[in-house]
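Dear colleague,

I am passing on the structure below, followed by some notes on its packing. Please read them with the coordinates open beside you.

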Amino acid sequence: MTQPENIDAYEALVQFLYRAPIGMVQTGLDGTVEMLNPMSSNLLMPLVHDGSMDNLFTVLQDAVPQLARMVSAFNSPSGVVCESLRIQLGAAAGPGAPQVLSLSVLKLDGTRLMATVSDATAEVQREQERLARRLKNEARIDTLTRMPNREALLEQLQQILARPRGTAGYALLFMNCDRFRQINDTLGQQAGDRLLLQISERLRAALRPPSDRIDPGAGGGQMAARIGSDEFAVLLDGMRCREDAERVAARLLDSLSKPHSLGGQEVTCTLSLGMVWSDDAGDAAGEMLRDASIAMIEAKHAGGARCVQFETAMRERAARRADIEADLRLALVEDQLFVVYQPVVGLCADGGTDFNAGVEALVRWQHPQRGVVPPFEFIQVAEESGLIGALGDFVLRRACRDFAAWQHELGTRAPRLLAVNLSRAQLSEAGWPQTVREVLDQNGMQAAALQLEVTESLAAQDQQVQQRLHELKAIGITLALDDFGTGYSSLSSLHQLPVDTVKIDRSFVCQADTSHHHQVLIEATVKVAQSLGMSTVAEGIETEAQLAAVRAQQCAKGQGYLFSRPLTSASLLDWLRDKMPAPAAAPFMALV
């Protein structure tokens, strides 16, 4: 006779199974159903094809075809066969019904299985939402520096722009490294990445002091982001006034200007900074970022390593630069560019002048609508847009072609030396010295007849450039240091540069006849150059007094408007014929 307490326990178990919020199915090892509760019937019904739920393996054949094999391969006497296996019901599920089930199977003993089935739809949705949030967050983080990226910055900035104008102001700072490409090219990408990491750390550290904030609850605070290869931005919210933002900008520039240690080598990399204050901001985040970028470019044009505040007039200048870039690209294709030549004369010790000592090749642009465009309007645009290399190659090829033609036409009266300016883009090309060889060979020029000129600031601060200069010098080409006195090098370091000629900048020459200080500088430059076996050229000579002054300092050569303005190839030939008339033919002697 069954004891009453056993009957009560059994009924309690049945009630539990009946009311359980999850499906429970007891089967044999072959999947034959021995017991199942109502919830399991409800959840599994969309998978039943013939209305029968006699075998769990059959019911789940389409959704979990491997289940029977998993049970058969489970050799332990008991334990978990599978846990939280997801089953997508798809089209089988009706509207409002569970879309995803979770299946777990437990081996009870040598003859029985217990399967649990639950509705996992909400859990899957939560997982998908968490994943979406995580992916969104990752998409807003720069992978190298782990700083917010451009998308995150624009999102935060748009939130600030969308709120009502209040008493607290805000500012956007846009920063770009002044020498990152040179450092990256010289020391390698890994060093460049370390530099960017150090810059990001300094940005974070410089933004930590809270004293620039007017009210911690006034806005989003300070946000630093990496928005490009070597571009960073800082969003300052809750500022008292424009001067507060300027103070933060100055602190950032001061912190970032200090040397960085990269693999035991100290490297200085300053940044140019453009700032937009809230009073000058529009309604769109992208426009404000663009304006800050425009101000940053103005900072670069002013010499870099400084902060420039945005003004609306800058947009017009930026648009003009964009137009010039587009037209310049077309000019390179349509042969609108041409080359002019300024004579470089020899200053003989006896007071005479050697008029065919050489010429310097200079590029000009004949625009179809605007006429001749002066170089100061397009050279910097060419450098910023990456066109300077193609521009420099055009000048080299055209000038060498003209030089060869002069030799054929004038013979010994033709210029003996052709000077052509070099750009960083050309010197950054590993194979560029070979290009120079080919140009010389194509025109039958001797290497010694070509003088390639590099600016002082470029030659003095970049090891890669100096290596390329050594490669060019090995060809037999003469190298000149242009605009000496305006860059980074000094007389004490002149011996470290692989140059043959020093060109004294016009800013010294223009005061050579009136300033004792400038006379001393010219004299010192000439003496140091002579001691190193280098020649000197005085640039920008415009008066007889200046000519007399540089002659007195024993400059070897000179150029400037006193002798001639830059001339076209045909005009240069006329100038040379005028300065150096052909020798008269020997008189004819009649035989008598």
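Is F378 buried or exposed? The model is a predicted one, and in it F378 is buried, with a relative accessible area of 0%. W365 is likewise buried, at a relative accessible area of 0%.

There are four aromatic pairs by the rule applied here. In one of them, F355 and W575 have ring centres 5.8 Å apart and planes at 75 degrees, so they are edge-to-face. Because F355 belongs to strand β14 (residues 353-367) and W575 to helix α21 (residues 569-579), this pair ties together parts 220 residues apart in sequence. W575 counts as buried, its relative accessibility being 11%. The rings of W365 and F378 are also edge-to-face, since their centres are 5.5 Å apart and their planes stand at 85 degrees; W365 lies in strand β14 and F378 in helix α12 (residues 375-385), so the parts tied together here are 13 residues apart in sequence. Y341, F403 and W406 make up one aromatic cluster, and R565 lies over the face of Y561, 4.1 Å from the ring centre.

As for the nonpolar packing, the largest core comprises 76 residues, and L418, L450, L452, L472 and I477 have the most contacts inside it. Helix α13 (residues 388-410) gives the most to this core, namely ten residues. Beyond its neighbours within four places in sequence, L418 is in contact with residues including Y341, F403, M445 and L450. Another core, of 31 residues, lies apart from that one and has I199, L203, L207 and L262 among its members.

With best regards

Notes:
Residues are numbered from 1 along each chain as its sequence is written. This is a predicted model: local features need pLDDT of at least 70, side-chain atom pairs count only at pLDDT 80 or more; totals for chains, interfaces and linings use all residues. Side-chain values use heavy atoms; hydrogens and water are left out. A nonpolar core is a set of buried Ala, Val, Leu, Ile, Met, Phe, Trp, Tyr and Cys residues joined through side-chain atoms within 4.5 Å. Buried means under 20% relative accessible area, exposed over 50%, partly exposed in between (1.4 Å probe, protein chains only). Helices (H or I, at least four residues) and strands (E, at least two) are DSSP runs, numbered from the N terminus. Contact means heavy atoms within 4.5 Å. Rings of Phe, Tyr and Trp (its six-membered ring) pair if their centres lie within 6.5 Å; planes under 30 degrees apart count as stacked, over 60 as edge-to-face and the rest as tilted. A charge sits over a ring if NZ of Lys or CZ of Arg is within 6 Å of the ring centre and within 35 degrees of the ring normal.
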